[in-house]
Amino acid sequence: MTEEFEPRIIAFLCKWCSSAGSDLAGVSRMEYPPNVTPIQVMCSGSVSPLYIFSAFSRGADGVLVSGCHPGDCHYIKGNFYARRKLAMVKKLLEHVGLDPERFQMSWVSAAEGQKYTQIIKDFVNELKPLGPQMKLRRNP
Amino acid sequence: MGHNVYLPKLARIIEIKEEVSGARPIKTFRTNFLDGDGFLYRCGQCAMLSVFGRGEVMISISSSPLVKDYLQFSVLKMGRVTSALHDMEVGDVLGIRGPYGNSFPLDEWKGKNIIFAGGGIGLAPLWGLVHMTLGNKKDYGDLTLIYGSRTSKDIVFKEELEELKKRMPVHLSIDVPEPGWSEFVGFVAQNVMDKKLSPHNAIAITCGPPIMIKTVIKALKDLKFEDEQIYTTVENKMKCGIGKCGRCNIGRHYVCKDGPVYSWAELKKLPQEY
Amino acid sequence: MEIPKILSGEMMDKILAKKDFPEWLKKLEAYRVYAPRKQDDVWNYEPVSGPGNVQLADVMTAVPAKKIVFPQREYFFEFRETDDNGTKLTELLPEDNPVVVFGVRPCEGKAVTLTDKVFSGEFEDPYYWKRRNATTLVGLACGTPPSPNCFCTSVNGSPHSKEGLDLLLTDLGETFYAEALTKKGEKLILEGQKLFKDPKPEDKKKAEKIQVEAEKKIRRKLNRIENVPLKLKGMFDSPFWDDESMSCIRCGICTYLCPTCHCFDMNDEVETTTPLQGKRVRTWDTCQFPDFTMHSSGHNPRPEKSSRLRQRINHKFQYFVEIWQNYQCTGCGRCISLCPVGIDIIKVVEKVRDYGS
Amino acid sequence: MVNIEDLKSEARRVLKGGKVKYIIGYERASETWKANPVFLKNPEDADKLVWDPTCFHNLVRFVVDEKRRKAKEKQPDTRPVGIVAKGCDSRAIIVLLQEKFIERMDVYIIGVSCESTGVIDERKLAKKTAGKTVQKVEFGEKQNYIVTTEDGTMDIPAAEIMADRCLECIANIPVVSDHLLGDKTKRAVARPFQSVEKLESLSQEDKWKFWTDQMKKCIRCYACRSACPMCYCDECVVDTINFAVTADTTAEEKAQRIKWLEKSPIDSENIFYHLVRAIHLAGRCIDCGECERACPVNIPLRMLNKKMEKEAKELFGYDVGFDADQPALISCFRDGDPEDFIR
């Protein structure tokens, strides 16, 4: 089998910035890999660690959480909370042996369509050599 | 080894009737087994319905064993599985295991006057019994149905009850007055007292929410019914339906297998664990 | 369902030299072999990796041997949505491959006879019996009590009880005294026939002596409990249960690790949703979890830990006795040793016995 | 040394005065050498109290029970409950106060100093006694334990059989108390995260292998959750239905409840459960180690929680369970919180 592995990424994008950023990338017809399943959330601060574990459990090869730049949060402080909480999640996932590259976080504003595409490109390129994520995947 | 006791038989929903809408909706489902046969059951028995991917729920069979063309279940939307059942449509397939549990001792009741006292969805377990006794009316004395619901909108089997009125006394009640309501207003227990039912040669079967069962039994006792003349059906959380998974027991009795039908004389002796 | 016993008169008693034990294991290629293994200071029945890796000793595993015949998780069937809005069910019965478990404690063998009762009758459990029939239980008579909380002799058992076992080994030092108790046990001996010798009369005497001595070494006792079933009946509403359960933290240790507890849950595990595909799975469950009996309405007939402790004791010492004329406890002591807060079933039952007198 | 008579007389005093509803302490019942939780209602019961190296339990777990019980009472007895608290237990009280789960006046804290040692690890002791029946374990005078077995007494240096949690303890004296017993000298621990560091040095593959080997053992008895005073949620992801369901909960609400993970004790679900628990205890776990001790299959659960404690300290300078007035770890932030991992 020579077919290249195409990682599947679940991206939790905040409604106000990152989701708009990805829309901008879309309407501007910027090219980026189709490996992402975006899930719009109200704020990066509303992303429960459960969502991340659950995404990996249901077979995600990588998970991205993206919110507004610090200071730009629609809810003033949501992304600051996210930053703390998800730092802990990242450390925890690394601690049990998940490849650290598989969980990423980014700040993408509504104007940063370009940045969004770049993040996805990089993410896909980093995930490809890792192969499918089997560690946390449900194994019935 | 015989049939796998955990493997449901597949059945198709052939008819759905919305009995009650609103916050506590009730739907009646009629089903046919895909393989054409069914199972033999007795009045009072239940079956495990499977919504695949969601799980199973024990529901009493609300059709009379005399009916051969379908199996009927009336279901109150309450939790995960019953919600999924309510989302199903005619033509959908569900799984059925059973029949489970004991049944009403109809043979012992021959020649007696029978009173049915139901409340809310509690009419469903009695419904097959009402039709069974009505179908063999010569075997029994007077049949009386007392049924109450919160409001007139919550009445199940509404049209059928109207039909039934032509064949036997049916006393309806609602909890609070409503414009246009000409029948009894109050709880089922009060209606039971109001109708001054005679315990003479009678059997009374009651089913409904726990508090209703309690008050109806008290009313019947006040009317000088003996413990042995009063019957009820019990429900508890169930999973296996065959007395093995261990959660529905009341004392040594597994409700799924040894119940759900109890005379008050029997139930009184068991611990209050339902 | 019943396991075919050897008729009396054709008992097969043999002697196996310990050094030949690995040879015997080699002959059991057709079987999946389990034996107690220690990992991280905890013993458990695990598949044996090689014939030299079995050391039979007086140890008490954390999880009892029931897990072989009644695993914590097993499939019932697969459901699959078909193209025509239908559903296809595929029964997933366990495989027939024979299993042999070494080092089974006599109390666990007896416990299996109790679960046998539960999974028999009008509604015979095909999954349980498929495994049960494929499994040969090789008991090891206890020379010394494997747990300080052993009390088998108080609940109609003994450290050399043969009930439920297919074969009983007694450690004579250099040899094992082997008694085949069922056809399955006999078959196991026949697999390594040449390794087994006929016992001399003194071997039998020695085995009997060891067994009698073992009984004396059991320290914990639960005496005079004949009236406990009746007593419990009268204590259902007693405040006793509130006091006794104060320190309970409502975990599942006492029941999950009980060799006789058989309660379970059934759930649909969905693998894909479009089209729907998944499996109905049985897992252990326990009366000690609050959600065990909770109705979907939120009503719970056993809302407090007091009612749940009562259920555990009542089930073991009243309901089971009423239904099956047996205590649903074989005195292995696991629930005592492993309870994080030291709730001691012996003391609870003793207090029941002495309550109000 | 904590004088047991002082403990008993303080308990007797508060019970006599009716100051407390009851006292949660430790007793040693017959037939066991280990302490068990005990609930004392009468002054004369105070004699039951013991204080020895087998007082493992974090009794704050029962303060959580008390709150639930009180919520159901029609006319609740609002008096505090007395509690015998070690250093780690007192930190648990701080967290409960910080989270406003309880109020300070709900508890009367009789603090006991662990002084220069702590509680023992039963499994470590079992190796030392090699099959001999233990009858009693007592604190020695200088960082040692006196173990009485059927064959006489053994004097064992504390470090050899002390529980790991105590070897890495940063609060040998209760942080908060109404009455404090024992020596008040603070003990310094050089490397409070020593045990985690070993694990951290492994490769990702080896870490994963370590944890899968451990998670395979899990039987999901939830003893870890049950023993934990911080696991007080009404709604836990692993339960099929929960306390939050009442007669008023609609069918839709129940039906829409997400089944995050399966009840099956398979590797993926086990690790999911333990990850959820670890992240939920991040910044809340006070390392009483009870989850690990309660575990019947000996999963090193502390290694998950301790890692979170370490990260909270290193990334955010956050110490758990010392200050009831500071905001909880993840309900606060600083402008300068690290974000080098964010793109």
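**A walk through chains A, B, C and D**

In chain A, an open sheet of 4 strands runs in the order β2-β1-β3-β4, with parallel pairing; strands pair here if DSSP finds at least two bridges between them. Helices (H or I, at least four residues) and strands (E, at least two) are DSSP runs, numbered from the N terminus. The edges of this sheet are β2 (36-41) and β4 (103-107) of chain A, each with a single partner strand, so one side of each has no neighbour in the sheet. From one strand to the next, the twist averages 20°.

Before going on, please keep in mind that this is a predicted model, in which local features need pLDDT of at least 70 and side-chain atom pairs count only at pLDDT 80 or more, while totals for chains, interfaces and linings use all residues. Residues are numbered from 1 along each chain as its sequence is written, and chains are lettered from A and ligands numbered from 1 in the order in which they are written.

Staying with chain A, strands β1 (residues 9-14) and β3 (residues 62-67) pair in the parallel sense over 5 bridges. Look for A:Leu13, whose bridge partner in β3(A) is A:Ser66. Helix α2 (residues 49-57) of chain A lies across β1, β3 and β4 of chain A, at about 150° to β3(A). Such angles run from 0 to 180 degrees between N-to-C directions, with axes as lines fitted to C-alpha atoms, for helices over the stretch in contact.

Chain B comes in two parts, domain 1 (9-100) and domain 2 (113-233), with bounds from an automatic or database domain assignment. Their centres, taken over C-alpha atoms, are 23 Å apart. Where they meet, 15 residues of domain 1 of chain B and 14 residues of domain 2 of chain B take part in the contact; residues are in contact if their C-beta atoms, placed from the backbone, lie within 7 Å. On the domain 1 side, β1 (9-20) and β5 (71-76) of chain B each supply at least two residues.

Chain B also has an open sheet of 7 strands with mixed pairing, in the order β10-β9-β8-β7-β11-β12-β15. Its edge strands are β10 (184-185) and β15 (261-263) of chain B, each pairing on one side only. Strand β12 (residues 230-233) of chain B pairs with β15(B) in the antiparallel sense over 3 bridges, and B:Thr232 has B:Tyr262 as its bridge partner in β15(B). Helix α5 (residues 210-222) of chain B packs on this sheet, touching β7 (113-119), β11 (202-207) and β12 of chain B, and its direction makes about 160° with that of β11(B).

Next comes chain C, which meets chain B through 37 residues of its own and 31 residues from chain B. Within chain C, helix α4 (residues 126-134) has buried residues C:Pro126, C:Tyr127, C:Tyr128, C:Arg131 and C:Arg132. Here, buried means that 20 or more other C-beta atoms lie within 10 Å of the residue's own, with C-beta atoms placed from the backbone; 12 or fewer counts as exposed, and in between as partly exposed. The cover over these residues includes α2 (66-69), β4 (73-81), α3 (106-118) and β7 (135-140) of chain C.

Chain C also touches chain D, with 33 residues of chain C in contact with 36 residues of chain D. On the chain D side, β2 (36-40), α9 (223-227) and α12 (290-294) each supply at least two residues. Chain D has 13 helices and 8 strands, and 49% of its 343 residues count as buried.

Methods. Contact = placed C-beta atoms within 7 Å.
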